[in-house]
Amino acid sequence: SVTFTRTGGAEDSSPHVVTLSGKALNGGVHPYLSNLPTLVDGATYTISFSGTDAAGNTSAPKSVTGIIFDNSNPAFTNITPISDTSVNTSNVIYTLSENIVSGYVAYYLKSITPGAGNSVYQLSGTELQSGTNKSLLTPPTLVNGATYTIVISGTDAAGNTGNATVTGITFTTTPPEFTGITPSTGSSVNSTTVAYTLNESITSGSVTFTRTGGAEDSSPHVV
């Protein structure tokens, strides 16, 4: 028989005894049990083996201890950036539900941008540890103006894998530029009308009128 006895972690109504039968009693390598017990996620077990041969000889006690049963995938949540946003850094912020043994952040190109390509960043050190507001230690270099899908993935010690995806992330380090401004420098005007051309959409902005001479004025005036 094989006996699973809880020794810590999540509560469980152990022990669970699996009686060996059929081919499981034959000599040789047995890579798995055909009748697996139902264990509890997060519980720690000792697994004990016992058998008796046809002559009545009983096996010496054999156990493995400290076996943590984990069938939950690691979860990446609270990810920044969110989908369909523009950013000026390749850094990714995330919350990780449990420690993982390996992981990566993949930047998959979603736009046709000269010189751009996919980039895969391997997580290491503290990036693999559970916690909130996790951050990449050395964010990769991306191509200005390219749009990416970002996939973050991790695998825990039990082999469970979790993934999260954000899409439509545009990486840009080019600042907005105002050109074609009217009035031009040194002009005389009879209205406060201002015209300009903007090279990209912006999320905030202002036009400021600051007195530099002539009649007194309570400037600046911010529009």
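Pro220 is placed in the loop between strand E15 (208–209) and strand E16 (221–222), where strands (E, at least two residues) and helices (H or I, at least four residues) are DSSP runs, numbered from the N terminus. A cis peptide bond joins Ser219 to Pro220, with omega at about 10 degrees. This is a predicted model, in which local features need pLDDT of at least 70 and side-chain atom pairs count only at pLDDT 80 or more, while totals for chains, interfaces and linings use all residues. Residues are numbered from 1 along each chain as its sequence is written, and side-chain values use heavy atoms, with hydrogens and water left out.

A cis peptide bond also joins Thr182 and Pro183, with omega of about 10 degrees. Pro183 sits in the loop between strand E13 (178–182) and strand E14 (195–198). Most peptide bonds are trans, and most residues other than glycine have a negative phi.

The backbone angle phi deserves attention at two further residues. Asn78, although not a glycine, has a positive phi of about 50 degrees, and this residue belongs to strand E5 (residues 76–80). Asn78 is exposed, its relative accessible area being 60%; here exposed means over 50% relative accessible area, buried under 20%, and partly exposed in between, with a 1.4 Å probe and protein chains only. Asp84, likewise not a glycine, has a positive phi of about 60 degrees. The position of Asp84 is in the loop between E5 and strand E6 (86–87), and with 64% relative accessibility Asp84 counts as exposed.

The overall form of the chain may now be considered. The chain holds 16 strands and zero helices. Its radius of gyration is 32 Å, well over the 17 Å that the globule rule gives for 223 residues, so the chain is more spread out than a compact globule. The radius is taken over C-alpha atoms, and the rule is 2.2 Å times the number of residues to the power 0.38. Along the principal axes, the C-alpha atoms fill a box of roughly 115 × 40 × 25 Å.

Buried residues account for 25% of the 223 residues. The accessible surface of the chain is about 14100 Å², and 53% of it belongs to carbon and sulfur atoms; these areas come from the Shrake-Rupley method with a 1.4 Å probe, and for residues only the protein chains shown count as cover. The chain carries 6 positive and 13 negative side chains, and the centres of the two sets are 10 Å apart. In this count Lys and Arg are positive and Asp and Glu negative, while His and the chain ends are not counted; the place of a charge is NZ of Lys, CZ of Arg, CG of Asp or CD of Glu.

Strand pairing can be followed from E3. Strand E3 (residues 43–49) is mostly covered, with five of its seven residues buried. Strand E1 (residues 2–9) pairs with E3 in the antiparallel sense over seven bridges, two strands being paired if DSSP finds at least two bridges between them. Within this pairing, Phe4 stands opposite Ile47 in E3. E3 is also joined to E4 by five bridges, and these strands run antiparallel; the bridge partner of Ser48 in E4 is Ser63.

A further set of pairings involves E8. Strand E8 (residues 102–109) pairs with strand E11 (residues 147–155) in the antiparallel sense over eight bridges, and Ser102 has Thr155 as its bridge partner in E11. E8 pairs with strand E9 (residues 119–122) as well, antiparallel over four bridges, with Ser119 in E9 as the bridge partner of Tyr107.

Thr149 is buried, with a relative accessible area of 12%.

Pro74 lies in the loop between strand E4 (62–68) and E5, and at 4% relative accessibility Pro74 counts as buried. Apart from neighbours within four places in sequence, the contacts of Pro74 include Leu96, Ile100, Gly154, Asp156 and Gly162. Pro74 and Gln129 are 55 residues apart in sequence and 11 Å apart in space, C-alpha to C-alpha. Across the chain, among contacts between residues at least 6 apart in sequence, 54% join residues at least 24 apart.

How values were computed: Contact means heavy atoms within 4.5 Å.
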